[in-house]
Amino acid sequence: MEAVVIHTDETLLSLVADGDKEAFTMLYRRYWESLFATAARALRSKTDAADLVQDIFLSIWNRRHDLRITGSLAAYLQTSVRYKVIKYIEKNITRRDYLVLLTEVLVNYQPPDAESQLQIKELQHTIQSAVEQMPNKMREVYQLSRKHHLTHKEIAERLAISDETVKKHIQHALQIIKTAISLNATTFAVLLMQWMK
C-alpha cells in the first residue's frame with residue numbers, strides 16, 4: 001500500500017509558485033469548503049459565494065510567482081474572503097436586497113465593542129433620516145408596512161388607495177433607504193461580517 005504524503009501549506013505554496021497545478025488543486029480542496037461557507041453566510045447566495053471563492057483562488061494562481069504569505073494561509077484566505085464580501089456588498093447594496101439583512105443586524109446584533117454600537121446607531125439614524133425625508137403618503141405607507149406589519153391590502157383599505165399604489169410607495173421608499181444606506185455601505189458590510197461570525 002502506498003503511503004499518503006500530507007504536504008504543509010508552505011510546501012504547497014512553494015510548489016504552486018513553481019507552477020505545480022496539482023499542488024494548487026490540493027490547496028483548493030483543502031480550503032474551498034470553509035471559504036465558501038463564510039461567503040455564503042454573508043451573501044445569502046451560494047452562486048455568488050462560489051464565484052467569490054473562485055475569484056480568490058484565481059487571484060492566487062495568477063499571482064503565484066510574486067505571492068508572499070507570511071503567517072497562516074488559512075487566516076490569509078479567510079481575510080481575503082471577508083474583504084471580498086465587504087467589497088461585493090458595497091458594490092451591490094442597492095441592487096440586492098440587503099435591507100432585510102440590515103434590519104436583522106439592527107434588531108438582533110448586540111456588538112461587543114463601543115465602535116460597532118456607534119456604527120449601528122449611525123445606520124439607524126441614516127434610515128430614520130431617509131424615512132423622515134420621504135413624501136408624507138410614502139412615509140405613511142412605509143411605516144404601516146414595516147412598523148405595524150400591515151399587508152398591502154390592509155394599507156390600501158386604511159388609506160383608501162389602490163394595492164398598486166401601496167406597492168409603488170413601498171418600492172420607492174425602499175429605494176430611498178437603499179440609496180441612503182449605500183453611502184454607508186462599508187460600515188454595513190463590516191457589521192454584517194461581524195454579525196455572521
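**Exercise 1. A charged residue without a partner**

Which side chain of opposite charge is nearest to Arg64, and how far away is it?

*Solution.* The structure is a predicted model.

Step 1. Locate the residue: Arg64 belongs to the loop that runs between helix 3 and helix 4 (73–92).

Step 2. Consider the charge: Arg64 is buried yet has no salt bridge. The nearest side chain of opposite charge is that of Asp18, 8.6 Å away. A salt bridge requires a side-chain nitrogen of Lys or Arg within 4 Å of a carboxyl oxygen of Asp or Glu.

Step 3. Look for a polar neighbour: a polar atom of the Arg64 side chain lies 2.7 Å from the backbone oxygen of Trp61.

Step 4. Examine Asp18 itself. Asp18 is placed in the loop between helix 1 (9–17) and helix 2. Asp18 counts as exposed because its relative accessibility is 65%. In sequence, Asp18 and His65 are 47 residues apart, while their C-alpha atoms are 7.2 Å apart in space.

**Exercise 2. The salt bridge**

Determine how many salt bridges the whole structure contains, and describe the partners.

*Solution.* 

Step 1. Count: a search of the whole structure finds one salt bridge.

Step 2. Identify the pair: Arg30 forms a salt bridge with Asp9, and their closest N and O atoms are 2.6 Å apart.

Step 3. Side chains of opposite charge can pair when their charged atoms come close.

Step 4. Asp9 is buried, because its relative accessible area is 14%. Arg30 counts as partly exposed, because its relative accessibility is 34%.

**Exercise 3. The overall architecture**

State how many helices and strands the protein has, and what share of its residues is buried.

*Solution.* 

Step 1. Count the elements: the protein has 10 helices and zero strands.

Step 2. Read along the sequence: the pattern is α-α-α-α-α-α-α-α-α-α.

Step 3. Consider burial: of the 197 residues in the protein, 41% are buried.

**Exercise 4. A patch of negative charge**

Which residues form the patch of negative charge on the surface, and which helices supply them?

*Solution.* 

Step 1. List the members: Glu154, Glu157, Asp163 and Glu164 gather in this surface patch.

Step 2. Assign them to helices: helix 8 (152–159) and helix 9 (163–182) each supply at least two residues of the negative patch.

Step 3. Take one member as an example. Glu157 is situated in helix 8. Glu157 counts as exposed because its relative accessibility is 58%.

**Exercise 5. Two pairs separated along the chain**

Find the C-alpha separations of the pairs Ala185 and Tyr88, and Glu33 and Ala50.

*Solution.* 

Step 1. Ala185 lies in helix 10 (residues 185–196) and counts as buried at 5% relative accessibility. Along the chain, Ala185 and Tyr88 are 97 residues apart, and their C-alpha atoms are separated by 10.0 Å.

Step 2. Glu33 is in helix 2 and is exposed, with a relative accessible area of 64%. Glu33 and Ala50 are 17 residues apart along the chain, with 9.6 Å between their C-alpha atoms.

Note on methods: Residues are numbered from 1 along each chain as its sequence is written. This is a predicted model: local features need pLDDT of at least 70, side-chain atom pairs count only at pLDDT 80 or more; totals for chains, interfaces and linings use all residues. Side-chain values use heavy atoms; hydrogens and water are left out. Patches are made of residues with over 30% relative accessible area and no salt bridge: like charges are joined within 9 Å, nonpolar side chains (Val, Leu, Ile, Met, Phe, Trp, Tyr) within 5 Å. Accessible areas come from the Shrake-Rupley method with a 1.4 Å probe; for residues, only the protein chains shown count as cover. Lys and Arg count as positive and Asp and Glu as negative; His and the chain ends are not counted. The place of a charge is taken as NZ of Lys, CZ of Arg, CG of Asp or CD of Glu. Helices (H or I, at least four residues) and strands (E, at least two) are DSSP runs, numbered from the N terminus. Buried means under 20% relative accessible area, exposed over 50%, partly exposed in between (1.4 Å probe, protein chains only). A polar contact is a pair of N or O atoms within 3.5 Å; within protein, one must be able to donate a hydrogen and the other to accept it, and residues adjacent in sequence count only if both atoms are side-chain atoms.
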